[in-house]
Amino acid sequence: MVFASLRRAGLLGALLVPAAFAAAGPPPPPDWQPAPPDAVYVPAAAVIVEPVPAVVYTRPAPAPPPPLPTALKVVYAPFYVAALTIRYGLYYAIVAPLEVFGRTLAYGFEGGVDEPEGNKEGKR
């Protein structure tokens, strides 16, 4: 019986002591340090901003360059033809057939489109 009451008193003390310390709040500042001043809310002063007229600076567009002389066009022509040949010639000679072959493997020779009913011989 005595132990049960001691246990209850110990449990009650264990629950009330931390609550008392928690409710106490922060400790006061030391004597050698003054207390911090109280916070005072002061509304900000109204600032009136007057609109400033927009000034837009535009530069004139630069003049287009003059066309190339005929002599330079003749000099540049073989390089232009070579570039077009490499770009489109390689595409249509190598890349396009590989793309078509890949689609044929993926979708079949029919391209994923079935023949209409009754037209199994390929006649229209």
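Predicted model: local features only at pLDDT ≥ 70, side-chain atom pairs only at ≥ 80, totals over all residues.
Student: What distance does α2 reach from its first C-alpha to its last?
Tutor: Start from the expectation: α2 has 38 residues, and at 1.5 Å a residue the expected value is 56 Å. The helix comes close to that. From first C-alpha to last, α2 reaches 51 Å.

Student: On which residue is the kink in α2 centred?
Tutor: The kink amounts to about 40°. Further along, α2 is followed by glycine 108, whose phi is positive, near 90°.

Student: Which kind of aromatic pair do tyrosine 91 and tyrosine 92 make?
Tutor: A search of the whole structure gives one aromatic pair. Its ring centres, those of tyrosine 91 and tyrosine 92, are 5.1 Å apart, and the planes stand at 85°. Planes over 60 degrees apart count as edge-to-face. The pair of tyrosine 91 and tyrosine 92 is therefore edge-to-face.

Student: Is tyrosine 92 buried or exposed?
Tutor: Let's compare it with the cut-off: exposed means over 50% relative accessible area. Tyrosine 92 has a relative accessible area of 58%, so tyrosine 92 is exposed.

Student: Which residue meets arginine 103 in a salt bridge?
Tutor: Side chains of opposite charge can pair when their charged atoms come close. The count comes to one salt bridge, with an N to O distance of 3.9 Å. Both partners lie in helix α2, four residues apart, about one turn of the helix. The partner of arginine 103 is glutamate 99.

Student: How much accessible area does the nonpolar patch on the surface have together?
Tutor: Its members include Tyr80, Leu84, Ile86, Tyr91 and Tyr92. Among them, isoleucine 86 lies in helix α2 and counts as exposed at 54% relative accessibility, while tyrosine 91 counts as partly exposed at 32%. Together the residues of the patch have about 1,100 Å² of accessible area.

Student: What percentage of the accessible surface of the protein belongs to carbon and sulfur atoms?
Tutor: Consider the whole protein now: buried residues make up 2% of its 124 residues. The accessible surface comes to about 12,700 Å². Of that surface, the part belonging to carbon and sulfur atoms is 69%.

Definitions and conventions:
Residues numbered from 1 in each chain as written. Heavy atoms only, no water. Buried < 20%, exposed > 50% of the residue type's maximum accessible area, 1.4 Å probe, protein only. Areas by Shrake-Rupley, 256 points an atom, 1.4 Å probe, with all protein chains shown as cover. Salt bridge = Lys/Arg side-chain N within 4 Å of Asp/Glu carboxyl O. Helix = DSSP H or I, 4+ residues; strand = E, 2+ residues; numbered from the N terminus. Expected span 1.5 Å × (residues − 1). Bend = angle between axes of the 7 residues up to and from the residue. Patch = residues over 30% accessible without salt bridge, like charges linked within 9 Å, V, L, I, M, F, W, Y side chains within 5 Å. Phe/Tyr/Trp six-rings, centres within 6.5 Å; stacked < 30°, edge-to-face > 60°.
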